[in-house]
Amino acid sequence: MITLTNILIMKKYLRLILFILPYSLFSQALKVYDLRIEQLINPLGLDMIQPRLSWKLQSDAFNTMQTAYEITVATVPDFNPKNMVWKIKTATDQSINIKYTGKALMSNTRYYWKVTVWDNHGNTAMSSTPVFWHTGLLNKNEWVAKWISSTSIKADSIHYQSPVFKKEFSVNKPMKSATLFISSRGLYEAEINGVKVGNDYLTPGWTAYNSRIQYQVYDVTNMIKKEANAIGVTLGKGWFSGEVGWINASNLYGKDLALISQLIITYTDGSTWIIPTDGTWKSSNGPILNSEIYH
């Protein structure tokens, strides 16, 4: 017999079930995403020896907190144990700026990393796609390239014709990767086989050039052809020697535009070939007759 008391009890438990049911259905929906290193996504040319890793959590459950994480770093995307350089598991809710403390990083190397997290509801989530960072040149002695400039142009000319530098080279065996390290006194725009390198403009950017000059790194593997290739770089005055501040002041950091770059080709047999800026490059006046940022 169903009495009023039984109905009230049933309604009470029904409300409890309806309250718990959504939580139980979605409590497994834990996701780790937006993996970054030094707040960057898949950066090229990162020259820190202990970069910091961060990620975010997403959950449909209320009051979800991370209780532990496990980071794995390897030089291959399949995280083969023989190529692993760091693996650490820590019980903590920290997910921002975890400092890398694995094996010493190597220059011009791509490191893949993933993270697994645990939450306070007993759920586990792992990042779905391996992300990476590519190291720069961690030791200044690894810059074998030399600064080169064009001596055929008057640097203090009002109409400064932009110099162009060119280097031809051939690739005669299977290639694994090609990475371009490049900077300039002035602005540069690089091309390989007639195609612009990267999506950046006004590189290498404005710095106190007498103290430090930034360099950029580009993955140019798909731009290199078998056998004959050519790399060309055009320079402009930019902030280095152009007019800055509308005060008719030029050559604040120097007069002579210059280029430094090295293309590092890694072959499938493990050997490498460095093509640096040196005396073998050719230079000439380019088609740009004058370059200024503020004119």
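This is a predicted model: local features need pLDDT of at least 70, side-chain atom pairs count only at pLDDT 80 or more; totals for chains, interfaces and linings use all residues.
1. **The chain as a whole.** Let's start with the overall picture. The chain holds 2 helices and 18 strands. Of its 295 residues, 42% are buried. If you take the contacts between residues at least 6 apart in sequence, 72% of them join residues at least 24 apart.

2. The aromatic pairs come to a count of 12. One to look up is Tyr111 with Trp133: their ring centres are 5.4 Å apart and their planes meet at 25 degrees, so this pair is stacked. Tyr111 belongs to strand 7 (residues 110-119) and Trp133 to strand 9 (residues 131-135), so to speak two distant parts of the chain, 22 residues apart, linked by the pair. Both Tyr111 and Trp133 are buried.

3. **An edge-to-face pair.** Next, please turn to Trp143 and Tyr215. Here the arrangement is edge-to-face, with 5.2 Å from centre to centre and 85 degrees between the planes.

4. **An aromatic cluster.** Together with Trp86 and Tyr100, they form one aromatic cluster.

5. **Lysines over rings.** Lys89 lies over the face of Trp118, 4.1 Å from the ring centre. Lys114 lies over the face of Phe79, and there the distance to the ring centre is 4.6 Å.

6. **Asp119 and its charge.** Which side chain of opposite charge is nearest to Asp119? It is Lys89, 12 Å away. Asp119, a residue of strand 7, is buried yet has no salt bridge. A salt bridge would need a side-chain nitrogen of Lys or Arg within 4 Å of a carboxyl oxygen.

7. **What Asp119 does reach.** The side chain of Asp119 has backbone partners instead. One is the backbone nitrogen of His121, at 2.9 Å. Another is the backbone nitrogen of Gly122, which lies 3.1 Å from a polar atom of the Asp119 side chain. Leaving aside residues up to four places away in sequence, Asp119 touches Leu30, Thr64, Met65, Gln66 and Thr67.

How values were computed:
Residues are numbered from 1 along each chain as its sequence is written. Side-chain values use heavy atoms; hydrogens and water are left out. Rings of Phe, Tyr and Trp (its six-membered ring) pair if their centres lie within 6.5 Å; planes under 30 degrees apart count as stacked, over 60 as edge-to-face and the rest as tilted. Helices (H or I, at least four residues) and strands (E, at least two) are DSSP runs, numbered from the N terminus. Buried means under 20% relative accessible area, exposed over 50%, partly exposed in between (1.4 Å probe, protein chains only). A charge sits over a ring if NZ of Lys or CZ of Arg is within 6 Å of the ring centre and within 35 degrees of the ring normal. Lys and Arg count as positive and Asp and Glu as negative; His and the chain ends are not counted. A polar contact is a pair of N or O atoms within 3.5 Å; within protein, one must be able to donate a hydrogen and the other to accept it, and residues adjacent in sequence count only if both atoms are side-chain atoms. Contact means heavy atoms within 4.5 Å.
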